[in-house]
Amino acid sequence: MALYAISDFHLALSGDKPMDVFGENWLNHDKKIKANWLKTVTEEDTVLISGDISWSMHMEEGMKDLEWIHNLPGIKIFVKGNHDYFWTSITKLNSLYADMKFIQNNYFNYKDYAICGTRGWVSPEYENFTVHDEKIYTRELIRLKLSLDLAIKDGYKNIIVMVHFPPFVETCDDDNRMVNILEEYGVKKVIYGHLHGSSLQKIKNIVNRNDVEYIITSCDYINFAPIKIMD
């Protein structure tokens, strides 16, 4: 029984949305994910999937992608990505499959850890951060705190957070509001994705900042294979 993580499946099994714009390594990436998953993950394991699950615009289109994930072994826990337009009713999503759990203002558990999270948004440190971005970013901070508060209320002291967007950029200062929340709540690990192609060149797979461990799990960064987070 182990905890794994991977993100950014960008599945398009009901359509045609090639990902090789980010490099030739994305050719047939769904087959790579499946082969690596089957070599690594068992039915007793749990996998954290930090967003950008499917290109589908509607739930009906996305069901083929969700069914594909459902047929892989293990428990899967998701947060929303910026391309997950199929994601509408959290109640409906959490009623689909017993082995697939979706986080939005809630949390799930792995052993004595609470798995919390939200989609997140672009960090205020970005040069082109706008008033519109601020509105979305603030809403995502509220959702993160709702998830964390539920876990704390239920007595959890060990917390892992999933977000889709990177919580900070390299120039992050001490006023980053998401980072401050993560540190305030004593979060142990943060799993994130979103970055692809050339954006990964300067990224370290694990960054330790003020006792919080940040781990990037974008598919193309981890060679389309789930990575073990803990036993």
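This is a predicted model: local features need pLDDT of at least 70, side-chain atom pairs count only at pLDDT 80 or more; totals for chains, interfaces and linings use all residues.
Author: A residue is called buried when its relative accessible area is under 20%.

Reader: Which way do the residues of strand 8 point, and are they buried or exposed?

Author: In strand 8, residues 189-192, Lys 189 and Ile 191 point one way, while Val 190 and Tyr 192 point the other way. All four of these residues are buried.

Reader: Which strand is joined to strand 8 by 4 bridges, and in what sense does strand 7 pair with strand 8?

Author: Strand 10, residues 212-216, is joined to strand 8 by 4 bridges, and the two run parallel. Within that pairing, Lys 189 has Glu 213 of strand 10 as its bridge partner. Strand 7, residues 158-162, also pairs with strand 8 in the parallel sense, over 3 bridges. There, Val 161 stands opposite Val 190.

Reader: Which residues of helix 2 are buried, and why are they on the same side of the helix?

Author: They are Met 59, Gly 62, Asp 65, Leu 66, Trp 68 and Ile 69. Their arc around the axis is only 160 degrees, which puts them on the same side of helix 2. These buried residues pack against helix 1, strand 2, strand 3, helix 3 and strand 4.

Reader: What is the general idea behind a nonpolar core?

Author: In soluble globular proteins, nonpolar side chains tend to be buried together. In this model, the largest nonpolar core has 30 residues, and those with the most contacts inside it are Ile 6, Phe 9, Trp 37, Leu 66 and Ile 69. Helix 2 gives the largest share of this core, 4 residues.

Reader: Which residues beyond its sequence neighbours within four places are in contact with Phe 9?

Author: Among them are His 29, Ile 33 and Trp 37, as well as Ile 49, Trp 68 and Cys 219. A second, separate core of 28 residues includes Tyr 107, Ala 114, Ile 159 and Tyr 214.

Note on methods: Residues are numbered from 1 along each chain as its sequence is written. Side-chain values use heavy atoms; hydrogens and water are left out. Buried means under 20% relative accessible area, exposed over 50%, partly exposed in between (1.4 Å probe, protein chains only). Two strands pair if DSSP finds at least two bridges between them. The arc is that of the directions from the helix axis to the C-beta atoms. Contact means heavy atoms within 4.5 Å. A nonpolar core is a set of buried Ala, Val, Leu, Ile, Met, Phe, Trp, Tyr and Cys residues joined through side-chain atoms within 4.5 Å.
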